Amino acid sequence: MAEERNNGHKWTMIVDLDKCTGCQACVVACHAENNVPISSEDEVIRGRANHWIRIERYWEGEYPNVKARFLPVFCQQCGNAPCEPVCPVYASYHSTEENVNIQVYNRCVGTRYCGNNCPYRTRLFNFWAPRFDEPLEQQLNPDVTVRSPGVMEKCTFCIQRIRRGREQANIEGRPLEDGEIVPACAQACPTDALIFGDKWNEHSRVAQMVPSERQFKLLENLGTEPAVYYLKGGETHVGE
Amino acid sequence: MIHFTRREFLKVSAAGTATAILAGCAQETERWVALEPYVRAPEEQLAGVPNWYASTCRMCPAGCGIIVRVMNGRAVKIEGNPEHPINRGKLCARGQSGLQLLYNPDRVTGAVRQEERGSRKFEPLAWNEAINTLYEKLDAAGDAVALWAGSTTSGHLYDLFARYAGAVGASAPLRHDLTSALNGVGTLTAANDALFGRSALPSYALAQADVIFSFGADFLGAWLSATGFGVEFGQFRSQPFGKRGLLVQFEPKMSITGAKADRWVPVQPGAEALVAAALLRIIADEGFGGPARAELAATLAGDVDLDAAAVTCDLALADLVALARAFAEAECPVAIPGGALAGASNGVAAVTAVQALNALAGAAGGAGGLGFMPAVPATLVAPPASSYADAQALIARMNAGEIKLLLVHGANPVYDLPPGSGIADALAKVGTIISFNPLVDETSALADYILPDRTYLEGWGYEVVQPGFQGLPVINSQQPVVGPFYDVRPTGDVLLTAARGIPAAAPALPWTDEVAFIKEQITALPKGASGGDDDEVRWARFLQHGGWWPEAAPESAAPELTAQGPVAAAPAAFEGDEGQYPYYLHLYPSVLLGDGRGASLPWLQGAPDPLTTVAWQTWVEINPATAQALGVDHGDMVHVESPHGAVEAPVYVFPAIRPDTVAIPLGQGHSDLGRYARERGSHALHLVGVTLDDAGANLAWSSVRVKITRLDKKQALARLESTIDPGEDIHVPF
Amino acid sequence: MLESRATVGPYWEKPVPDDEHLAQQVEHGREQHLMLDARPPAELNQLTLATMRQTGPRFWIALAGLGAMTLAFLTAWAIQIFSGLGITGLNRSVMWGPYIANLIYFIGIGHAGTFISAALRLMRMDFRRPIARAAETITLFGLACAALFPIIHVGRIWKLFYMMPIPNQRELWPNFRSALFWDMMAITTYLIGSTLFMFVALIPDFAMARDHTTGWRRKVYGALSLGWRGTDGEWHRLEVVSNILSFVIIPVMFSVHTGVSWNLSMAIQPGWHSAIFGPFFVVGALYSGVAAVILVMIIVRKTMRYGYFMREEHFNAMGIFLLILTLSWIYFYFAEWITNWYGNLPLEKAIQAMLTGPLAPMFYLMLFCNIVVPLGTLWSRRVRTSLPAMFIIGILIQIGMYIERVLIVAGSLSRNELPFNWVNYTPHWPEVTVTLGTLAFLGLLYMVFTRFVPIIPVWEVYEGQAMQESRRVGRAVVSTRTEVH
């Protein structure tokens with residue numbers, strides 16, 4: 001069901017494809033922040049590479065006029081998410097406070113229906129119990145669950161950071177400021193290709209950037225109403 | 001202008017409180033963060049409330065500032081220090097992975113002795129015994145001691161070792177590793193010396209540039225200071241009024257910088273100097289960019305066959321002219337030499353030729369994109385990088401039996417040098433080898449003792465940053481963010497303790513511990529951006545803010561050209577006969593593993609390479625046309641042979657590489673370095689000989705040709721991307 | 001008008017006409033048609049019960065074989081539960097594989113049982129009489145095996161009760177919008193309905209078995225027959241209840257496979273998102289189901305020596321039925337294929353390209369099994385009445401339909417909207433073991449079942465025989481049927 005404007009926040013990410021260098025800083029930052037286990041070489045070969053955010057690389061043209069385009073893809077936090085209605089146990093549900101798609105790990109039974117129905121294939125299944133060779137488990141972020149085998153997981157827009165930020169603002173009795181809450185990926189991104197904020201706060205950077213003419217949504221034709229906006233990469237021609 | 005949000009302020013203030021407590025106490029014992037039981041928790045620690053500590057990243061020599069999130073004594077996340085002028089709150093994949101060095105399962109947990117070199121059977125050694133051993137060996141060695149440091153060895157440690165060496169009359173510590181060679185540190189400084197009389201690494205102000213010509217420098221991936229350049233690149237692409245700049249990348253194999261370029265020019269390996277010289281020639285001949293620039297170009301440009309230059313780029317001459325015009329007529333053009341260019345046999349000449357293009361920008365009177373970090377107004381200087389020739393000299397001394405004791409810190413020469421250097425044999429002739437590295441790497445495996453230093457998240461230090469950004473001289477602070485995870489001792493303390501017993505060295509190293517030394521150095525600095533009136537406050541703020549830098553950048557003009565005469569345009573020479581070895585070998589550091597030191601960290605191993613999306617492996621990149629001619633496809637094992645050696649690796653059919661070139665990433669092929677790195681992939685440095693470049697100082701690591709033979713074996717590539725050809729109907733949905 | 005009782009013999013003692021020609025006709029009729037070959041009920045009872053108690057060495061060997069395979073299946077399942085689904089070949093793009101294909105397949109082969117039993121009953125098709133129970137049994141065990149697969153398939157089997165609408169203190173209910181939930185409801189309803197339907201028809205046979213056995217068997221049969229005595233009222237009620245259940249179960253049957261198809265067609269996955277899937281899956285289910293019933297008929301007839309009950313005419317009728325379903329299935333398959341092809345959407349084309357490209361051997365084998373062989377042979381009565389031929393055709397259709405399901409489930413999933421994430425699927429040993437093991441488990445259940453429950457609904461047979469009458473019309477003897485409602 002499509003979401004309607006409410007009193008919550010509309011967390012939104014803008015991905016500037018002109019700036020994404022594919023450097024993987026966001027990928028590793030996400031692994032670190034969200035306790036995402038690393039897939040072994042064999043698992044990658046079997047097509048089970050486990051990244052909440054992945055940088056898709058598409059080739060365009062042929063040598064010598066070849067181009068590589070990077071497309072960071074992570075859960076699009078759809079306003080009309082295909083993964084939500086198919087889950088028989090409401091493990092995938094829509095938060096009306098944050099207006100993001102939430103995955104409830106301890107409710108998930110692992111039917112993987114949501115994974116099939118995600119056109120972005122950003123939902124990942126825990127095929128094995130996550131393994132952290134001792135003492136690597138010391139690095140785990142205590143704010144984030146380590147998911148048990150058999151459940152689906154995905155990008156949460158770093159919901160733990162959103163909650164912390166909101167609670168901090170509450171404690172201090174002030175409204176949230178734009179830029180106060182930044183997910184790990186956007187925080188790490190050297191070129192500032194990822195910009196995060198509340199689209200319903202019209203003073204936010206995100207709200208001001210969304211109407212860009214470079215803006216598009218991934219697989220917009222499917223009507224999923226993603227909360228991630230991409231800004232198309234440009235090209236400067238020699239002699240311009 | 002540094003954006004400084006309230007949240008970030010909170011983070012750093014937390015760090016301030018903590019460091020004040022850490023640093024404010026004079027007693028030696030309180031310089032260590034002690035793990036306390038929760039019932040008696042330190043005042044600043046609340047369950048569930050993170051503390052943030054500022055420090056310095058040492059995963060590569062760039063010197064980015066970090067803040068580390070510590071929860072109840074555990075470091076759980078590393079982020080960029082938002083105040084730091086280099087990375088401005090950002091951090092690359094390698095920096096993020098520092099946690100896995102701290103918590104690496106294969107760390108050496110205490111001092112150990114190895115009975116037989118290479119046996120990898122280690123016996124624990126009590127630290128007092130270990131320090132005593134070091135003392136005895138140092139005492140016995142006298143001036144026959146050598147230190148081999150790496151580019152990430154902390155500045156204070158280098159300075160301590162240098163003082164020790166000076167006191168006992170030994171030669172200065174050697175600071176050389178694969179990173180320095182791949183970054184072309186020696187080549188760049190030599191070229192800058194030749195052109196501008198400045199023997200330093202250059203910095204480039206990309207944020208204000210409108211045209212960037214990069215010759216082989218993967219400045220967004222793994223070259224010099226990728227995060228700093230990344231921040232600048234982000235600004236370069238979003239300049240006022242929608243200006244997004246023009247980036248042209250000249251390189252034989254597309255790097256991620258090439259992928260982001262507006263124009264990728266697959267220049268023939270070794271011909272970069274020719275192209276740069278041709279650009280100068282065209283600018284001079286056509287008078288592009290106004291009389292000042294054209295005139296200057298005329299003094300720099302030699303006789304160049306423009307058609308030949310265009311052919312090496314697979315370009316029409318008109319295109320080359322258009323490029324020259326775009327460069328010359330830009331307000332603030334920047335040319336960056338780097339990568340394989342610096343490893344060519346004509347390395348210094350090629351880098352000089354490219355760097356000369358930067359002189360044009362200054363000629364127009366503008367600020368110019370090229371800059372040099374102003375000297376820090378104090379005694380602190382960045383330790384000099386040693387060249388490969390220096391390393392060779394040390395190896396020769398080892399072979400001659402002149403070295404009785406070799407201390408290795410932060411370097412892994414057995415892995416970092418080509419086998420032809422004879423390092424392994426030379427080490428066998430050294431009386432005692434003591435390694436201070438935290439993991440058993442290839443060199444530590446040949447050591448007699450390992451006295452592991454603390455990792456950078458547990459230890460103290462400072463570092464003079466090279467190159468700078470925004471024209472600021474920067475000295476980074478490094479402080480323990482967590483208590484030492486194992487029974488490991490800071491090498492500085494170990495050295496100071498051992499040196500106390502050596503009469504020649506004791507007066508030169510009077511400090512009780514390394515913190516006293518660091519503090520003395522830092523408090524001698526003039527007042528920086530974080531202020532502070534007395535030494536204690538300045539010291540605390542140094543730690544709290546992650547370093548020292550002045551409030552405003554000192555005045556700096558565009559570097560003045562001191563060189564005369566035309567730049568050399570001769571192409572590089574390659575080893576191996578073209579008939580027998582038909583392909584150029586293009587080596588490049590992996591964006592994730594760097595020169596190989598990242599291979600022990602699963603996050604970096606498991607993250608896909610940006611362009612091939614391969615993780616965990618080594619691969620050989622081959623142009624589709626070449627692959628077809630060789631009858632190979634993705635995952636077919638090939639035998640790559642140069643006149644110096646051979647490696648085996650699976651093929652990755654890479655669309656963005658010259659057909660006459662094959663590329664292999666460096667970083668894998670370790671025989672040690674822990675479970676994640678061991679026996680994984682192959683080390684392409686084995687293909688490289690030990691020839692020196694035109695300056696006779698640096699290793700020409702990009703100067704061989706190879707031949708490729710198909711093997712009847714397959715190795716499935718661990719690719720994140722689909723292995724299925726989507727066909728022509730499928731269009732990428734963006 | 002009223003004749004004396006003495007002149008009306010029992011229905012199995014039909015007078016043989018004096019006319020030699022007519023007598024031959026009658027004899028021929030008896031040979032050909034079970035309904036005309038009436039024999040005393042007691043004899044039929046014995047015929048049915050005799051083989052039930054026979055367990056020769058071959059029976060035990062087969063039982064041991066199937067039991068071993070079942071054990072392998074259970075072991076694989078246990079390993080999968082303990083080590084995680086990682087041991088399967090599933091990947092980040094293909095998250096549903098043979099387990100879901102098996103769900104569809106086993107529900108499919110369970111479909112024909114009820115259809116043959118209930119629909120043919122309502123249509124008063126006499127050929128169903130001896131085979132109804134054999135078919136219903138497939139429904140029962142097919143559904144039971146199918147119901148295993150959602151359980152085998154999920155990642156956290158120990159949390160499966162979250163899927164059931166059980167009142168709980170957190171007032172967390174299953175998601176009624178999920179097609180999986182509809183599917184689960186439909187399967188449960190169908191399983192309960194079919195069991196009930198089957199059990200009702202079993203009551204007189206249990207009573208018959210009770211009357212012919214001793215010891216513990218007698219006690220069990222006695223309990224199961226619910227005190228059936230065979231009174232007029234009981235027969236009447238049986239008739240009414242059977243008819244009602246027949247009417248009720250048919251829509252449920254349609255809903256089940258439509259529900260299964262909705263699991264796929266409600267998703268936005270290209271290759272799945274198709275409006276035709278409902279009827280297409282129902283026809284596909286009937287197709288594989290009828291083929292499965294034919295297989296079971298052949299096996300039961302061979303191993304239990306029920307040649308008397310299952311005759312050429314039954315195989316002929318089932319063969320014709322199968323031919324009709326072949327045609328219907330082809331119609332739906334190509335309706336779907338052509339719509340995709342004509343639609344020319346890149347991803348649907350990519351899926352078709354995959355089927356005719358890398359998966360071509362599977363795809364063409366499927367077409368061969370499902371179209372070429374049945375369509376090319378079933379028109380011939382000689383084939384339809386040849387047991388070996390029908391056996392081969394039945395097996396081929398099973399293979400073909402199974403491949404079709406795997407191609408739809410795992411094949412389509414390997415192609416998705418972002419070509420960066422296409423991953424092909426290769427089954428690993430757990431899927432293979434579990435699939436084959438479940439088939440064995442089905443066989444095992446069936447084997448054991450035939451030794452405890454009369455697999456021939458004897459009462460239906462002699463009900464049918466009793467209603468037959470031969471009349472002489474001119475020079476011919478015509479069989480007629482009396483129906484009393």
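Helices (H or I, at least four residues) and strands (E, at least two) are DSSP runs, numbered from the N terminus. This is a predicted model: local features need pLDDT of at least 70, side-chain atom pairs count only at pLDDT 80 or more, and totals for chains, interfaces and linings use all residues. Residues are numbered from 1 along each chain as its sequence is written, while chains are lettered from A and ligands numbered from 1 in the order in which they are written.

**View 1. Chain B as a whole.** Chain B has 22 helices and 25 strands. Its radius of gyration is 25 Å, close to the 27 Å given by the globule rule for 734 residues, so chain B is as compact as a globular protein of that length. The radius is taken over C-alpha atoms, and the rule is 2.2 Å times the number of residues to the power 0.38. Along the principal axes, the C-alpha atoms of chain B fill a box of roughly 70 × 60 × 55 Å.

**View 2. An open sheet in chain B.** Three strands line up in the order β1-β2-β3, with antiparallel pairing. Two strands pair if DSSP finds at least two bridges between them. β1 (51–56) and β3 of chain B stand at the edges with a single partner strand each, so one side of each has no neighbour in the sheet. Neighbouring strands are turned by 30° against each other on average, direction ignored. Six bridges join β2 (residues 65–71) of chain B to β3(B). B:Val70 has B:Ala75 of β3(B) as its bridge partner.

**View 3. Helices α10 and α13 of chain B.** Two packed helices are described by the angle between their axes and the distance between the axes. Helix α10 (residues 272–286) of chain B packs on α13(B) at about 75°, with the axes 9 Å apart. Axes are lines fitted to C-alpha atoms, for helices over the stretch in contact; angles run from 0 to 180 degrees between N-to-C directions. α10(B) and α13(B) are therefore roughly perpendicular. Angles under 35 degrees count as roughly parallel, over 145 as roughly antiparallel, 65 to 115 as roughly perpendicular and the rest as oblique. From α10(B), B:Ala278, B:Leu279, B:Ile282, B:Ile283 and B:Glu286 meet residues of α13(B) that include B:Leu320, B:Leu323 and B:Phe327. The residues of this contact divide into ten nonpolar, no polar and one charged. Ala, Val, Leu, Ile, Met, Phe, Trp, Tyr, Cys and Pro count as nonpolar, Asp, Glu, Lys and Arg as charged, and the others, Gly among them, as polar.

**View 4. Helices α11 and α13 of chain C.** Helix α11 (residues 312–343) and helix α13 (residues 360–377) of chain C pack at about 140°, with their axes 10 Å apart. α11(C) and α13(C) are therefore oblique to each other. The contact uses residues of α11(C) including C:Leu322 and C:Trp329, and residues of α13(C) including C:Ile371 and C:Pro374. Seven residues of the contact are nonpolar, two are polar and none is charged.

**View 5. Chain B against chain A.** 65 residues of chain B are in contact with 60 residues of chain A. Contact means C-beta atoms, placed from the backbone, within 7 Å. α8(B) gives the most to the side of chain B that touches chain A, with seven residues. That side divides into 38 nonpolar, 13 polar and 14 charged residues.

**View 6. Chain A against chain C.** 36 residues of chain A are in contact with 33 residues of chain C. The largest share of the side of chain A that touches chain C, four residues, comes from α4(A). Its residues divide into 23 nonpolar, seven polar and six charged.

Terms used:
Two residues are in contact if their C-beta atoms, placed from the backbone, lie within 7 Å.
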